[in-house]
Amino acid sequence: MKDGIGVPLMPVVMGNDFLGGALVFDVNGSVTSKAVGLSDTVDIDVADVSNQLLAWDGVSPLTLNLGEASLDVNTQTLTVNNDSTLLTRAAGVGEFALGYSRQFVKRESGGLFGGLRAKYYKVGLAQSATRLGDLTDAEQLFQDIRDAEFNYDSNFGLDLGVLWVSENYRLGATVTNLNAPKFTFPGLNVSAYTPGPIASQLARNYVYTMEAQLKL
């Protein structure tokens, strides 16, 4: 999910003969969030389940203990208690951009314009991990996300573009974030997790990359 935040009176454009083109200053922001489910295998002791079924009188309520899971036979409710996790990441992006553009070629059939834009990014990064076995209600999940601390990182981006303008049509191409700037999410505290693939994935740093994009 991505939401943009507009800044009033932006962008600001300045152009005159001395510059030979136009300077553009812009400020904007956006918030991006993503939720990912990490599934852990459920180990079930089949022999122990068989013993529980054999000991059942067939009348009284029965909840099967499956080791890392339990099954309420009467309500057919399965409860899993392992390291399966809902991982939520959020990035708040502040962007300050300064661009310059001008006409490079002028013909009777049209004109060719080119420009570049340098951007300074200030990015707040946060992530939270909630073990599904510890989740009691949806409100707890949203509270974990709200309580997550933002770690701030910064970097620079570069856009390049060209535009051919004629009397009846326009053709343009822009490469945004040509240098693919990267930002790092710090790893999470995994002391409550069993050592394994999920704990390792949560503990390592995650790199958020603004990939280069071509727009035509």
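Entry 1. I note here that the model is predicted. Next I looked up Tyr121, which is also buried, with a relative accessible area of 2%; the cut-off for buried is under 20%.

**Entry 2. Aromatic pairs.** I listed six aromatic pairs in the structure. A pair of aromatic rings is described by the distance of the centres and the angle of the planes.

Tyr121 belongs to strand S8 and Phe183 to strand S11, so the pair ties together parts 62 residues apart in sequence. I also traced a cluster in which ring pairs link Tyr121, Phe183, Phe185, Tyr206 and Tyr208.

**Entry 3. Nonpolar cores.** Which residues form the largest nonpolar core? I found eight: Ala91, Val93, Tyr121, Val123, Leu125, Phe183, Phe185 and Met210. At least two residues of this core come from each of S7, strand S8 (110-131) and strand S11 (182-185). S8 gives the largest share, three residues.

I took Val123 and set aside its neighbours within four places in sequence; what remains in contact is Ala91, Gly92, Val93, Asn151, Tyr152, Asp153, Phe183 and Met210. I also noted a second, separate core of six residues, among them Leu38, Tyr193, Ile198 and Leu202.

**Entry 4. Surface patch.** I looked up a nonpolar patch on the surface and found Val12, Met14, Phe25, Phe96, Leu98, Tyr120 and Phe156, with about 630 Å² of accessible area together. Strand S2 (12-16) and strand S7 (85-107) each supply at least two of the patch residues. Met14 lies in strand S2 and is partly exposed, at a relative accessible area of 44%.

**Entry 5. Whole protein.** I counted three helices and 13 strands. Of the 216 residues, 25% are buried. The protein exposes about 14100 Å², and carbon and sulfur atoms supply 58% of that area. Of the contacts between residues at least 6 apart in sequence, 65% join residues at least 24 apart.

Methods
Residues numbered from 1 in each chain as written. Predicted model: local features only at pLDDT ≥ 70, side-chain atom pairs only at ≥ 80, totals over all residues. Heavy atoms only, no water. Helix = DSSP H or I, 4+ residues; strand = E, 2+ residues; numbered from the N terminus. Buried < 20%, exposed > 50% of the residue type's maximum accessible area, 1.4 Å probe, protein only. Contact = heavy atoms within 4.5 Å. Areas by Shrake-Rupley, 256 points an atom, 1.4 Å probe, with all protein chains shown as cover. Patch = residues over 30% accessible without salt bridge, like charges linked within 9 Å, V, L, I, M, F, W, Y side chains within 5 Å. Salt bridge = Lys/Arg side-chain N within 4 Å of Asp/Glu carboxyl O. Core = buried A, V, L, I, M, F, W, Y, C linked by side-chain atoms within 4.5 Å. Phe/Tyr/Trp six-rings, centres within 6.5 Å; stacked < 30°, edge-to-face > 60°.
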